[in-house]
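Subject: Structure handover

Hello,

Please find the structure below, with notes on what turned up in it. Could you look through it before we talk?

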Amino acid sequence: MPVISVNLQEFVKFVGTDLSITEIAEALPMLGVAWEGYHDGEFSVEVFPNRPDMLSVEGLARAFSSFIGVRPGLRRFEVESPGGRVTRVEGKVSPIRPYIGMAVILDFPMEENALLSMMQLQEKLHITHCRRRRKASIGIYDLDTIVFPITYTTKPVDFRFRPLEWDSKITLRDILLKHPKGIEYAYILEGLDRYPILLDNNGTVLSMPPIINSEDTKVTLNTTNLLIDVTGTHLKTVLEVLNIVTSSIAERGGRIGAVRILYPNKELVTPDMNPRSMVLNIKYATKLLGIDLTVKDVKMHLRKMGYEVEGKGNCDEVEVLIPCYRTDIMHQIDLVEDIAIAYGYGNFEPELPSISTIGEEDDIEKFSHVLRDLMVGFNMQEVITFYLSNEDKLFRRMEVPAEPLVKTANPKTEEYTVLRTWLLPSLMEVLSRNQHNEYPQRIFEVDDVVILDEKTDTGARTERKLAAAVCHADTGFHEIKGLVESFLKNIGIRGYKFEELEKGCFITGRAAKVLVEQDEIGYFGEIHPKVLENWGLKMPVSAMEFSVNKIYRYVKEI
Amino acid sequence: MGDSTTFEIAQKIGVKRDAIEVASLWAAEKGLVTIHTESRMLAELTKEGWDTLNNGLPERRLQHILEKGPINISKLKKRLERLDIAIGWARRRGWIIIEGDSVQLTEKGFKEISIELPEEQIIKNAATAPVPITKENKRVIDELVRRKILRLHTEKKKILSLTEKGREVATKVGVSVEVSKLTPELIVSGKWRDVVLTPYDISVKAPTIYPGKKHFMRQVIDYIRRIWLDMGFKEMKGPILDVAFWVFDALYQPQDHPARDLADTFYAETPSHGELPSPEIVDAVRMTHEDGWTTGSTGWGYKWDENEARKCVLRTHTTSLSARTLAKLRDDIENGNIPAKYFSVGRVFRNETLTWKNLAEFYQTDGIVVGNVSFRHLLGYLKEFYNKLGIRKCRFRPAYFPYTEMSVEIEVFDERKGVWVELGGAGIFRPEVVKPLLGKDIPVLAWGPGLERTVMNRYNIEDIRILYMNDLEILRSARLWIG
């Protein structure tokens, strides 16, 4: 989740009241951001993905200022009509990146902090709400370098212009191959032979969305009029992002102006910064929160969260006006949560309801508990190992043939390419890593493995297994056989028999499988020296593994 | 009674060696014993020596690599640390020749692959007990000391032998009536009445005993299971490998949500896709994502893709079980099955590389309460749960999860660092989650905190990897969890 850094002085200025860093650190988390720390005049907070409007110092301060009661209520934004500001969208962009929205900010009080804040807001929005620029991307330009009408079109790969941070004109192809931003975002335009381009009436390139702006239209400390564009694949997101960026920048001053967007078959005037409205049922809110609230309370709390409430005649419902930058309000439950935040999570009295139900444990879990107690009684140490493994550990080192199993498609490390199908390899790994510790070593694990199974809805089933291993200079077949016999006797398995077992991990003639009614419930034996060598072990190991699910079935039958 | 060292005597009768030495001086003065001192040099493994024991001598490792054929020096550098030492020794032993950049085994080098060197014999012996220096092994040991594999230390021994006079006195005073070990014989014969059982020095070190024990994480898991069971929660169980539908879609996570990225979630190659539940549920989920369906929500506003929902993933949270449980409750919601309370404790997965603060798999405990419940009740359950875990100073702060609203993060105050630490998330399931699954919009309290953070706070563990390292020394000595 995105972390933004905030200049303390700027923040205090925008909040509009004097605040100490301790007060901010205490209060901000209660608005719903995670405090990360303060250093050298800047603090950093983690902003949750539902509040992209707080990804800038201006937006965060706006929300906080309402929250602490300095500037409660709805922010209204006046938008001047587009006049001659027109952008034509050509049909060619529609299969690639069909949507665009624009706004201008006139007479903007430019300063260094404003420039830095704009950059941070763009960067953080690009990662989050814009889904790494695929869904939407933002461009900000010096409006005075641009002549309307603007055209949103596509150009072939050998079209040239001078991108930001580059000292000459290069082709679009080269931008994707050589420019750092081109390399980073080329994946969005993969497989295309024409790329999106914004041009003004003189043919000056504004940008190549969603990759890079041109040097010709760059915003500098001398810029006083700004043009903002957002292009993307999802109209709702494009317009939301435009509102967030425009409203954030406008917190610093200047006048917002609209742009007329002419699509091939429709016309849109952006930005639309009018509030939305939503009906809130007061009873719904109070019942869910478990507190009593009057219409007046609701109004006060919602104003602290930047809303306006238009009282209806009756007291059951109110109409709530939602500011244009709040993109996360989908359902009245979202308003209820904001009431709770304004009320203060710390002010709710926790209460246990009297709901009498009977606790009930899963059968296999209950049985596993019994088995672990028994193993501990055998003076064994439980280990807990990972379900994720790899074929080298599960098969090659164990000298057994590979079998089909659950494979991960995208592991970050070679360690985790499959889900384990048996436990013994996990125990061997534990022993191999404990050679500096005192012997004898007696370990066990009762936990899950995952087996492919076409009969289930997910194509695999989880199975509970038990495995144990004993490692010291004198261990061998007889020790583990004794353990197995005692184990079976104590859990009440009768009528089992042992049959010779050929399995690569055991020494031939020193391994057996355990059968109940011809059904193999487990096996045990003395680990083959080749396997010990594969794990780098210098001590003999004897081991057993059982299917807990199978054992449980037979135990229940008795 | 023959010659004994002071050390042997101290061990035999269980008193401190110092005491024996003082006593022996006194006895020598009286002419009862003679004392002579011997010292000898012992060689023991250094840290590097232990490494060598596990990995082999550098030249041996080089020999094994070259066994398959000649290799370029630059390639060797990547495969073997301290290559220069390995090459030096291998050359000295006549195992290798270097031609240009290529290193290869000589005939001798091949022949001696499985012949144990005297050095290796000594390293092995030193692993069990320090090796005394003899005429035969001195050369080899000196060499290994130079190679920093062994280090020397001196052991001093005082050997006592009874004089003629001493022997006489011993017989007269009847030393033999003092016995150290109470035997079955002494008990049965009643002879124990005639002897004095030697008083022991109770400060003498006793042998270390390791109990059979559950892993400390298991103790916490069991304890947490008890908390839920005591509070009347029923256990939920379900697949580790699940379809994305239950892990994400049913929990109202849009299909382009960053949590669903390959970078965060393990997708399965085999099996790649699974089956979805009944069309009734799937359609309700689809429509809720697209336009809110009848939940009163706007929905996410995109085209929902069934194929994306069928992808198999390693569950990223056990909240998938809560979603499955709600869908199961749907059929008999009218039969008095509500209110209902469920819990689970299980393994969850994130596509991470292991670091001191990240694991690829860890534990989560989920709970849901379905019924006429409120936000205050949610806080009530959480407070109770953390109280039972011994955490008193905690606070609730607003949080965000796509499937809950209100969303809460429980934080505990870390006194040492003076900061609030996140313990786990909770909330009330959104109507967009509940209605498609349950068929009705009923409040469902839900939580899913991880366990590791709580355990690490309690045991002051900074590196999360220690929890599942299974180091027997740590497991054997870890204090039991009492709650």
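Two residues are in contact if their C-beta atoms, placed from the backbone, lie within 7 Å. The model is a predicted one, and the notes that follow should be read with that in mind.

**Core**

By that contact rule, and leaving out residues up to four places away in sequence, A:Ala467 touches A:Leu423, A:Leu424, A:Leu427, A:Phe444, A:Glu445, A:Ala543, A:Met544 and A:Glu545. A:Ala467 also belongs to the largest nonpolar core, which has 240 residues. The members that touch the most other members of this core are A:Leu226, A:Val241, A:Leu427, A:Ala467, A:Ala468, A:Ala469 and A:Ala543. Helix α7 of chain A, residues 235-250, gives the core its largest share, 8 residues. As background, nonpolar side chains tend to be buried together in soluble globular proteins.

**Domains of chain A**

The domain assignment divides chain A into domain 1 (3-67), domain 2 (79-270), domain 3 (276-345) and domain 4 (363-557). Between the C-alpha centres of domain 2 and domain 3 of chain A the distance is 36 Å.

**Backbone details**

Most residues other than glycine have a negative phi, and most peptide bonds are trans. The cases below depart from that pattern.

- A:Phe148 and A:Pro149 are joined by a cis peptide bond with omega at about -5°. A:Pro149 sits in the loop that runs between β7 (136-142) and β8 (150-156) of chain A.
- A cis peptide bond also leads from A:Tyr439 to A:Pro440, where omega is near 0°. The loop holding A:Pro440 lies between α13 (424-432) and β24 (441-452) of chain A.
- A:Asn379 is not a glycine, yet its phi is positive, about 60°. A:Asn379 is in the loop between α11 (363-377) and β20 (381-382) of chain A.
- A:Gln518, also not a glycine, has a positive phi of about 65°. Its place is the loop between β27 (506-516) and β28 (519-527) of chain A.

Are the last two residues, A:Asn379 and A:Gln518, buried or exposed? A:Asn379 counts as partly exposed because it has 13 C-beta neighbours inside 10 Å. A:Gln518 has 7 C-beta neighbours inside 10 Å and therefore counts as exposed. The cut-off for exposed is 12 or fewer.

Regards

Notes:
Residues numbered from 1 in each chain as written. Chains lettered and ligands numbered in written order. Predicted model: local features only at pLDDT ≥ 70, side-chain atom pairs only at ≥ 80, totals over all residues. Domains from an automatic or database assignment. Helix = DSSP H or I, 4+ residues; strand = E, 2+ residues; numbered from the N terminus. Buried ≥ 20, exposed ≤ 12 C-beta atoms within 10 Å, placed from the backbone. Core = buried A, V, L, I, M, F, W, Y, C linked by C-beta atoms within 7 Å.
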